Amino acid sequence: MISSTVLFYGTYVLCLCLGLLCVVFVSYWNIEWRGGFAWDASFLQFNWHPVLMVTGLVVLYGNAAILYRIPFTWSQRKQHWKLVHAALLLSSLILSILGLCAVFDFHTGYHIPNLYSLHSWVGICTVVLFTAQWLLGLVGFLSPCSPLGFRKLLKPVHAWMGMAIFILSLASCLSVTKNADPPPITTNYIAYSSHPAEALFANFLGVLIVAFGLVVLGILSNQRWNRLEPGEESSRVSILLSPYCVV
Ligand code: HEM
């Protein structure tokens, strides 16, 4: 049991470091090669889009998803952690919506049509599903009048949907095709292939996002790191005694 916990915290620290690196890399990319940030419907406003989407829908979302897996929280009242989970996801949702406003405003400013790419279709579906999931979670798990039977029914659907939304948000990040937009009037957007340093950096950011996603999905799929509900302790003992268990 002790080494399973140590293994968890090792993986968790890796997850925090990768998440932090994703935020630093996506911000640095936009400052160093894309001209920085503004909120004036220009291409500088667009630059908020990758930063807010990666920070909100990948890093914050991923961390909120694995919150219940932290062994430290298991001995504490679940209600408190439900509130922290909901608050982290609300922050993630707000950042994602701001990230979408950044790109929609930019498109409007440059008369570029909206929602024409695969990236934008996958992306908009992800944010719509996330909004529905957050609202249903609020009603189902935090509202005092939600019946126990409904909560039990909702729980596996909520967990599956949560994982699906995370995978879709990773897919959104990886489906960005360069030059998807007509280039705005700035040399910053001249062919990607003529900027080897930027191209390498952006590819490395993609690798970091994939690594972060795999670590989060690894934590979520490990049954030994699942918080058990009252009455489930016996199944934990049988899992711990199984030949695959790291004791
Ligand atoms: C979870 C992550 C993401 C989601 C949910 C998402 C969602 C979206 C949506 C819905 C649009 C369409 C906006 C419109 O049509 O006006 C869009 C456009 C765009 N996004 Fe993202 N995005 C994400 C991450 C990123 C990242 C990391 C980049 C990196 C540069 C990026 C680059 C773009 C570009 C270039 C466009 C305009 C061209 C196009 O529609 O493909 N996005 N995004």
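Of the 247 residues in the chain, 24% are buried, a residue being buried if 20 or more other C-beta atoms lie within 10 Å of its own, exposed if 12 or fewer, and partly exposed in between, with C-beta atoms placed from the backbone. The structure is a predicted model, in which local features need pLDDT of at least 70 and side-chain atom pairs count only at pLDDT 80 or more, while totals for chains, interfaces and linings use all residues. Residues are numbered from 1 along each chain as its sequence is written. The pLDDT is the predictor's confidence in each residue, from 0 to 100. Its mean over the chain is 89, and 85% of the residues reach 70 or more. Two stretches have pLDDT under 50: residues 179–188, with 15 contacts beyond four places in sequence, and residues 237–247, with 12 such contacts. Two residues are in contact if their C-beta atoms, placed from the backbone, lie within 7 Å.

The chain holds nine helices and zero strands, and its pattern along the sequence is α-α-α-α-α-α-α-α-α. Helices (H or I, at least four residues) and strands (E, at least two) are DSSP runs, numbered from the N terminus. Of the contacts between residues at least 6 apart in sequence, 79% join residues at least 24 apart.

Helix 3 (residues 48–65) packs against helix 5 (residues 78–109) at an angle of about 160°, and their axes are 8 Å apart. Axes are lines fitted to C-alpha atoms, for helices over the stretch in contact, and angles run from 0 to 180 degrees between N-to-C directions. Helix 3 and helix 5 are therefore roughly antiparallel; angles under 35 degrees count as roughly parallel, over 145 as roughly antiparallel, 65 to 115 as roughly perpendicular and the rest as oblique. The contact involves, among others, W48, L52, L57 and L60 of helix 3 and L88, L95, G99 and V103 of helix 5. Its residues divide into 13 nonpolar, nine polar and no charged. Here Ala, Val, Leu, Ile, Met, Phe, Trp, Tyr, Cys and Pro count as nonpolar, Asp, Glu, Lys and Arg as charged, and the others, Gly among them, as polar.

A second pair consists of helix 7 (residues 148–174) and helix 8, which pack at an angle of about 170° with axes 10 Å apart. Helix 7 and helix 8 are therefore also roughly antiparallel to each other. Helix 7 contributes M163, F166, L170, C173 and L174 to the contact, and helix 8 contributes G206, I209, G213, V216 and L220. These residues comprise eight nonpolar, two polar and no charged.

Helix 8 (residues 196–221) also contains A211. This residue counts as partly exposed because it has 15 C-beta neighbours inside 10 Å. Although A211 and G19 are 192 residues apart in sequence, their C-alpha atoms are 9.3 Å apart in space.

Positive phi values occur at two loop residues that are not glycine, A41 and L115. A41, in the loop between helix 1 (2–32) and helix 2 (43–46), has a phi near 65°. Because it has 16 C-beta neighbours inside 10 Å, A41 counts as partly exposed. L115 lies in the loop between helix 5 and helix 6 (118–142) and has a phi of about 50°. With 11 C-beta neighbours inside 10 Å, L115 counts as exposed.
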